[in-house]
Structures are given as structure tokens and as C-alpha cells.
Amino acid sequence: MGSSYGLTRPDGRIEVRCLNGGAWDRSTHLGIADDYDTACALAEAKQAEWLRFREQPRTCLDEGRVTVVRQPQRPDEEMLELASFATAEAATEYLRANFPEPSSSR
């Protein structure tokens with residue numbers, strides 16, 4: 001999991017950032033909070049959201065094959081290959097059958 005931190009802005013609010021791999025060249029901006037407790041809650045909620053996103057399998061094209069992969073949660077972990085297919089349609093069907101979209105509560 002990434003390391004969240006806050007930067008106090010001139011107006012007293014806290015800019016919440018995280019070293020979570022969201023960008024290769026900088027920390028990820030999570031948001032602005034009015035106080036310390038709100039900043040901590042923001043960091044926890046946004047990081048949990050990021051981890052759920054990273055857990056979802058993705059497809060990538062690799063030497064003419066469509067590979068279904070899961071991204072690593074940590075920089076010292078490797079990408080996990082779940083399956084490989086000759087067509088995008090076959091990969092999509094595999095994803096639908098094995099990883100249905102989570103129902104939205106919004």
C-alpha cells in the first residue's frame with residue numbers, strides 16, 4: 001500500500017498526496033482537506049478506492065495475443081498473468097464470466 005502524506009497549504013488546508021504508483025514520476029494527488037482528521041479520512045478512502053481499481057483485471061496486447069493481467073499492488077511485485085487469448089472477444093468473454101462488474105452503490 002502507498003504512503004500517504006499531507007502538505008499544509010498557505011490557507012491552512014491540507015493537500016493529501018500518496019506514493020502509490022498512480023504516476024511513475026510523481027506522487028498522486030488525492031485531494032484537499034480542511035483539517036487533519038478529514039485529511040486522514042480522505043487518504044484512507046482514496047487509497048482503498050485505488051486498491052480496488054488495481055485489483056480489477058485488465059487486458060493488454062502482447063505479441064499478437066490478448067493477455068488478461070492483474071496489476072501489482074506494490075512496486076516490488078510482478079504483474080500477474082491470468083489468461084491469454086488469440087482474440088479480444090475471447091478475452092472479454094473470459095472477463096465477463098470470471099470477473100463480473102461489481103454492482104454500483106451510487
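Guide: Let's begin with F85, which counts as buried at 17% relative accessibility. Please keep in mind that this is a predicted model.

Visitor: Why is F85 called buried?

Guide: The label applies under 20% relative accessible area. F85 has 17%, so F85 counts as buried.

Visitor: And what makes F85 and Y94 a tilted pair?

Guide: Two values matter here. The ring centres are 5.2 Å apart, and rings pair if their centres lie within 6.5 Å. The planes of F85 and Y94 stand at 45 degrees to each other; under 30 degrees would count as stacked and over 60 as edge-to-face, so this pair is tilted.

Visitor: Is Y94 buried, exposed or partly exposed?

Guide: Y94 has a relative accessible area of 21%. Buried needs a value under 20% and exposed a value over 50%, so Y94 is partly exposed.

Visitor: Which residues form the aromatic cluster?

Guide: F85, Y94 and F99 make up one cluster. The structure holds 3 aromatic pairs.

Visitor: How do you know that R58 lies over the face of F53?

Guide: R58 is 4.3 Å from the ring centre of F53. The distance limit is 6 Å, and the charge must also be within 35 degrees of the ring normal. The value of 4.3 Å meets the distance limit, and R58 is listed as lying over the face of F53.

Visitor: Let's turn to charges. How many salt bridges are there?

Guide: A search of the whole structure finds 3 salt bridges. Side chains of opposite charge can pair when their charged atoms come close.

Visitor: What makes D11 and R13 a salt bridge?

Guide: Their side chains meet at 2.9 Å, N to O. The cut-off is within 4 Å, so D11 and R13 qualify. D11 is partly exposed at 47% relative accessible area, and R13 is partly exposed at 31%. R13 is placed in the loop between β1 and β2.

Visitor: How do you know that E15 and R17 form a salt bridge?

Guide: The closest N and O atoms of E15 and R17 are 2.8 Å apart. That is within 4 Å, so the term applies. Both E15 and R17 are buried.

Visitor: What about R26 and D25: what makes them a salt bridge?

Guide: For R26 and D25 the closest N and O atoms are 2.5 Å apart, again within the 4 Å limit, so they form a salt bridge. R26 has 53% relative accessibility, which is over 50%, so R26 counts as exposed. D25 has 44%, which lies between 20% and 50%, so D25 is partly exposed.

Visitor: Why are strands β4 and β5 said to pair?

Guide: Two strands pair if there are at least two bridges between them. Strand β4 (residues 58-62) and strand β5 (residues 65-70) have 5 bridges, so they pair, and they do so in the antiparallel sense. C60 stands opposite T67 in β5.

Visitor: What lies between β4 and β5?

Guide: β4 and β5 form a hairpin with 2 residues between them. E63, in the loop between the two strands, has a phi near 55 degrees, a positive value in a residue other than glycine. E63 has 80% relative accessibility, which is over 50%, so E63 counts as exposed.

Visitor: Why is L61 called exposed?

Guide: L61 has a relative accessible area of 67%, which is over 50%, so L61 is exposed. L61 is in strand β4.

Definitions and conventions:
Residues are numbered from 1 along each chain as its sequence is written. This is a predicted model: local features need pLDDT of at least 70, side-chain atom pairs count only at pLDDT 80 or more; totals for chains, interfaces and linings use all residues. Side-chain values use heavy atoms; hydrogens and water are left out. Helices (H or I, at least four residues) and strands (E, at least two) are DSSP runs, numbered from the N terminus. Rings of Phe, Tyr and Trp (its six-membered ring) pair if their centres lie within 6.5 Å; planes under 30 degrees apart count as stacked, over 60 as edge-to-face and the rest as tilted. Buried means under 20% relative accessible area, exposed over 50%, partly exposed in between (1.4 Å probe, protein chains only).
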